[in-house]
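User: Please take a close look at one strand and the core around it. I would like one connected account.

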Amino acid sequence: MDLVMELKRSTVAKDLCVDIAETTDRDLWDQRLRTVAAGSYRQSAMFGQYQTEHCCEQSLFIRALDGEGQVVGQLLARIGAPFSWGIRRRFFGGLVLPLLARWSPCMYWGDGPVVFQRESAKAIYEALVCGALEEASRRGCIGVEAWPAFYAEQEAVDREWQYQLFTEPGFKVAAGTPLVVDLRKEEEALWQAVRKEGRTKVRKALKQGVEIKEVGDDETLCKQAHSIIRETAMRNNVAFLPEEAMRRAWRFHGSRGVFRAFIALHEGHPIAYQHVTF
């Protein structure tokens, strides 16, 4: 962690300090998050709460503060078990996850850090990453998995130093392409942006009588939605969430107004499912 300590000293010299807590004012945390394009759901206190209650993870609220005590950046990191995504889908997951999180902890974060001050973005970003890595080392984590928020509006030079910041300490890079849709555009413009083949398939589905319904609290639609989730997972040879676990996730997010689920039906038979978290 020599690199981490070196970077941390350089940021402190710029009147930045980092604090780390296991609790925070959730409303205030999420309020700040909504002020920037990079502030995704995976960096929200709400997401941290869900992961704590249902995935046996410990949330860490990491803040960067300037010389006047103002929050200029933040990062939600989580301490949990390795391979937790797959393990919690097994029938024994509830028993194994807490043990693995204690014996072989890993640190996770998605779509972060989030920076609120453009002028000192690099220093703030470095301070948050270094603070998180130092905390992971202090807690004896066996690994760190991080997803930077590359979908926000950024200059190419920003992407370069962010890439360097993660690769120099030893992160292995898995390339990916975020899909971004600018919902500020008119509906017609969004529709025209869909590939011609996609628009043709939508029109064909409508002619064939395919209908889209919101799942909501409808018992039949809930079961049909889970049947699609289960079938898709089995076809791809991956584990799937049991129906009750899926319903808990729906209730948690739905009650907070940040979740909607939809199902496509043809002659009453489920053929596709999609949910949106916002």
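Analyst: Buried means under 20% relative accessible area, exposed over 50%, and partly exposed in between (1.4 Å probe, protein chains only). Strands (E, at least two residues) and helices (H or I, at least four) are DSSP runs, numbered from the N terminus. This is a predicted model: local features need pLDDT of at least 70, side-chain atom pairs count only at pLDDT 80 or more, and totals for chains, interfaces and linings use all residues. Residues are numbered from 1 along each chain as its sequence is written, and side-chain values use heavy atoms, with hydrogens and water left out.

Start with strand E4. E4 is mostly covered, with five of its five residues buried. In a regular strand the side chains alternate between the two faces of the sheet. Both faces of E4 are covered. Cys 106, Tyr 108 and Gly 110 lie on one side, and Met 107 and Trp 109 on the other.

Next, the neighbours of E4. Two strands pair if DSSP finds at least two bridges between them. E3 and E4 pair in the antiparallel sense, over three bridges. Ile 79 stands opposite Met 107 in E4. E4 also pairs with strand E6 (residues 143-147), in the parallel sense and over five bridges. Gly 143 in E6 is the bridge partner of Cys 106.

Now the core. A nonpolar core is a set of buried Ala, Val, Leu, Ile, Met, Phe, Trp, Tyr and Cys residues joined through side-chain atoms within 4.5 Å. The largest one has 24 residues. Those that touch the most other members are Ile 62, Met 107, Trp 109, Val 129 and Phe 166. Two or more residues each come from strand E2 (58-65), strand E3 (71-80), strand E4 (106-110), helix H6 (121-138) and helix H7 (156-167). H6 gives the most, with eight residues. In soluble globular proteins, nonpolar side chains tend to be buried together.

Contact means heavy atoms within 4.5 Å. Leaving out residues up to four places away in sequence, Ile 62 touches Val 18, Asp 19, Ile 20, Trp 29, Gly 73, Gln 74, Leu 75, Ala 77, Leu 128 and Ala 132.

One more covered element is helix H3 (residues 45-55). H3 is largely enclosed by the rest of the structure, because eight of its eleven residues are buried. Among them are Ala 45, Met 46, Phe 47 and Cys 55. Cys 56 follows H3 and has a positive phi, near 60°.
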